[in-house]
Amino acid sequence: MTTILERTVDSTTPSPLHTVSRIVLIGFMGAGKSTIGRMLAERLRWEFLDTDSCVEGRHSCTVAELFASHGEATFRRSESLELARALGKHQVVIAVGGGAPENLTNRLLLEQTPETAVIFLQASFPVLFDRCVLQGGATIRPVLLDAVAAEQRYLARLPLYRRCAQHCLDTADLLPEEAAMRVQEMLASQS
Ligand code: S3P
């Protein structure tokens, strides 16, 4: 993992990410993957994809509805397919659902797809939980129905997020635009 470099990047000029053609944002629910990912894609003038939205489009229902009607296993299979599809693209920023790195196939996809940078957006469980509650809680994210079980998932996933990612960014005190800029800086400094 790298530390964050305090270097400014001209926000009007896309960074020369010579060796990276896909940026994948991972992390627990509420980490800001979709918001930051969309902003990062705009800065780079790349495509943005959110695997949850892809699953929703494919099934014509929300993630919560899919959990309720077909169960989590169906959602997970669909999530893997959408991740594989997204990783087939170039110049794309991908936000994946918080549970995606639990799946071995997904981790292998993330590790083995060339020119792919994986960024772990981290924050503590209370910070993330509070953000999710503000965003609608379990009605939007069924995994949050049981707060104790959700924290257990968080703790179990932390080592997986760390193992998958080449870079880690603490988002607890960052605005989404600042976080997007930091990710761009991290990647520009490695290319
Ligand atoms: C989940 C996270 C959600 C969504 C689904 C399951 C999880 O995505 O994929 O509700 O298991 O952590 P976000 O991380 O984008 O909220």
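## Exercises on a predicted model

Tyr-154 touches Phe-28, Ala-123, Ser-124, Phe-125 and Leu-128, leaving aside residues up to four places away in sequence. Keep in mind as you work that this is a predicted model.

**Exercise 1.** Find the helix that holds Tyr-154, and decide whether Tyr-154 is buried or exposed.

*Solution.* Start with the secondary structure: Tyr-154 sits in helix α7, which covers residues 147-164. Next, look up the accessibility. Buried means under 20% relative accessible area. Tyr-154 has 9% relative accessibility, so Tyr-154 counts as buried.

Now pick one of the contacts, Phe-125. In sequence, Tyr-154 and Phe-125 are 29 residues apart, and their C-alpha atoms are 7.0 Å apart in space.

**Exercise 2.** Describe the overall build of the protein chain: its elements, their order and its dimensions.

*Solution.* First, count the elements: the protein chain has eight helices and five strands. Then read them along the sequence, which gives β-α-β-α-α-α-β-α-β-α-α-β-α.

For the dimensions, follow the C-alpha trace along its principal axes, where it spans about 45 × 35 × 25 Å. Then test the radius of gyration: a compact globule with 191 residues would have a value near 16 Å, and the protein chain agrees because its own value is 16 Å.

Finally, turn to burial and contacts. Of the 191 residues, 49% count as buried. Among contacts with a separation of 6 or more, 78% join residues 24 or more positions apart.

**Exercise 3.** Which residues of the largest nonpolar core touch the most other members?

*Solution.* This core has 58 residues. Those touching the most other members are Ile-23, Val-24, Ile-26, Val-93, Leu-110 and Leu-121. Let's take Ile-26 and list some of its contacts, not counting residues up to four places away in sequence: they include Val-96, Leu-110, Phe-120, Leu-121 and Tyr-161.

**Exercise 4.** Explore the largest pocket: how much space lies in it, and which residues are the closest to its centre?

*Solution.* Begin with the space, which comes to about 710 Å³. The pocket is lined by 35 residues, and the closest to its centre are Met-29, Gly-30, Ser-34, Asp-52 and Arg-141.

Helices α1 (33-44), α2 (51-59), α3 (63-70) and α4 (72-87) each give two or more residues. The largest share, four residues, comes from α1.

Last, sort the lining by class: 15 residues are nonpolar, eleven are polar and nine are charged.

Technical notes: Residues are numbered from 1 along each chain as its sequence is written. This is a predicted model: local features need pLDDT of at least 70, side-chain atom pairs count only at pLDDT 80 or more; totals for chains, interfaces and linings use all residues. Side-chain values use heavy atoms; hydrogens and water are left out. A nonpolar core is a set of buried Ala, Val, Leu, Ile, Met, Phe, Trp, Tyr and Cys residues joined through side-chain atoms within 4.5 Å. Buried means under 20% relative accessible area, exposed over 50%, partly exposed in between (1.4 Å probe, protein chains only). Contact means heavy atoms within 4.5 Å. On a 1 Å grid over the protein atoms alone, a cavity is a set of points where a 1.4 Å probe fits but cannot get out, and a pocket is an open set with protein on both sides within 12 Å along at least five of seven lines; lining residues have an atom within 4 Å of a point. Grid points are joined across faces, edges and corners, and a volume is the space filled by probe spheres set on the points. Ala, Val, Leu, Ile, Met, Phe, Trp, Tyr, Cys and Pro count as nonpolar, Asp, Glu, Lys and Arg as charged, and the others, Gly among them, as polar. The radius of gyration is taken over C-alpha atoms; the globule rule is 2.2 Å times the number of residues to the power 0.38.
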